[in-house]
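Open your viewer and keep the selection panel handy. We will go stop by stop.

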Amino acid sequence: MSDANLLETTVRTEFGKGAARRTRRDGNVPAVLYGHNEEPQHLSINAREFSAILREHGTNAILNLNIGGKKQLAMTKSVVVHPIRRYIEHADLLIIRRGERVTADVHVAVVGEAASGTLVTQDATVLSIEADALKLPESIEVSIEGAEAGTQILAGAIELPEGVTLAGDPEALIVNVIAAPASAQETEEAAAAAEEAAAAEEAAE
């Protein structure tokens with residue numbers, strides 16, 4: 001097993017709010033690992049290392065947990081973040097096996113430029129997919145290059161990587177391209193005209 005995203009963990013023997021506070025005060029995150037009909041394990045994981053993995057790979061990152069010398073593959077099921085202080089209060093982790101397919105929400109990245117005079121709205125920022133747990137894409141790209149007003153991209157029309165299937169509603173609207181409101185278009189044209197004038201002025205100097 002690769003040591004990528006390796007997290008050293010300790011088993012928690014104290015529970016309750018006070019124990020959770022002590023865990024966080026020591027620079028750790030209280031977490032629960034469950035799945036595959038195993039007894040839930042209450043763990044303590046290093047907050048800084050866990051946060052770094054989530055920042056780099058997103059919440060679908062595969063974690064290599066070292067639990068008292070025993071390695072266990074897992075993925076993050078949910079993370080509770082303090083609304084003001086932004087530290088991780090708690091995490092739920094899911095046991096996974098090699099070759100297992102899982103369902104996860106992945107980020108939708110809109111790329112390209114739609115046709116002039118249009119306004120692009122993204123109705124959904126995530127797409128629910130099913131894939132091999134060890135081959136989950138970090139994001140799915142949706143191109144709107146040259147898309148005209150009236151273009152609607154539904155979940156079922158998005159090209160997915162090999163081995164990845166859609167788990168959500170294929171009729172769900174992901175991206176909508178509409179005609180830009182007159183005021184927005186005028187603002188865009190005015191900005192373009194101002195840029196041209198500034199360039200001409202610079203050239204004259």
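Leaving aside its neighbours within four places in sequence, which residues is Ser44 in contact with? Select Glu8, Thr9, Thr10, Arg12, Thr23, Asn28 and Val29 to see them. Contact means heavy atoms within 4.5 Å.

Before moving on, some ground rules. This is a predicted model, where local features need pLDDT of at least 70 and side-chain atom pairs count only at pLDDT 80 or more, while totals for chains, interfaces and linings use all residues. Residues are numbered from 1 along each chain as its sequence is written, and side-chain values use heavy atoms, leaving out hydrogens and water.

**Stop 1: around Ser44.** Ser44 is found in strand E3, residues 38-46. Helices (H or I, at least four residues) and strands (E, at least two) are DSSP runs, numbered from the N terminus. Ser44 counts as buried because its relative accessibility is 7%. Buried means under 20% relative accessible area, exposed over 50%, and partly exposed in between (1.4 Å probe, protein chains only).

**Stop 2: the barrel.** Select E1, E3, E2, E6, E5 and E4, in that order: these six strands close into a barrel with mixed pairing. The twist averages 45° from one strand to the next. Two strands pair if DSSP finds at least two bridges between them. Strands of a sheet pair through backbone hydrogen bonds, either parallel or antiparallel. Now pick E5 (residues 70-81) and E6 (residues 88-95), which pair in the antiparallel sense over seven bridges. Click Val79; its bridge partner in E6 is Ala91.

**Stop 3: helix H2.** Select residues 47-57. This is H2, which lies across E1, E2, E3, E4, E5 and E6, at about 100° to E3. Axes are lines fitted to C-alpha atoms, for helices over the stretch in contact, and angles run from 0 to 180 degrees between N-to-C directions. Colour Phe50, Ser51, Ile53 and Leu54: they are buried. They sit on the same side of H2, because they cover an arc of only 160° around the axis. That arc is taken from the directions from the helix axis to the C-beta atoms. Arg48, Arg55 and Glu56 are exposed on the other side. Past the end of H2 comes Gly58, with a positive phi near 85°.

**Stop 4: the open sheet.** Select E10, E7, E9 and E12: four strands form an open sheet in that order, with mixed pairing. Its edge strands are E10 (139-143) and E12 (165-166), each pairing on one side only. E9 (residues 126-132) and E12 run antiparallel, joined by two bridges. Finish on Ile129, whose bridge partner in E12 is Leu166.
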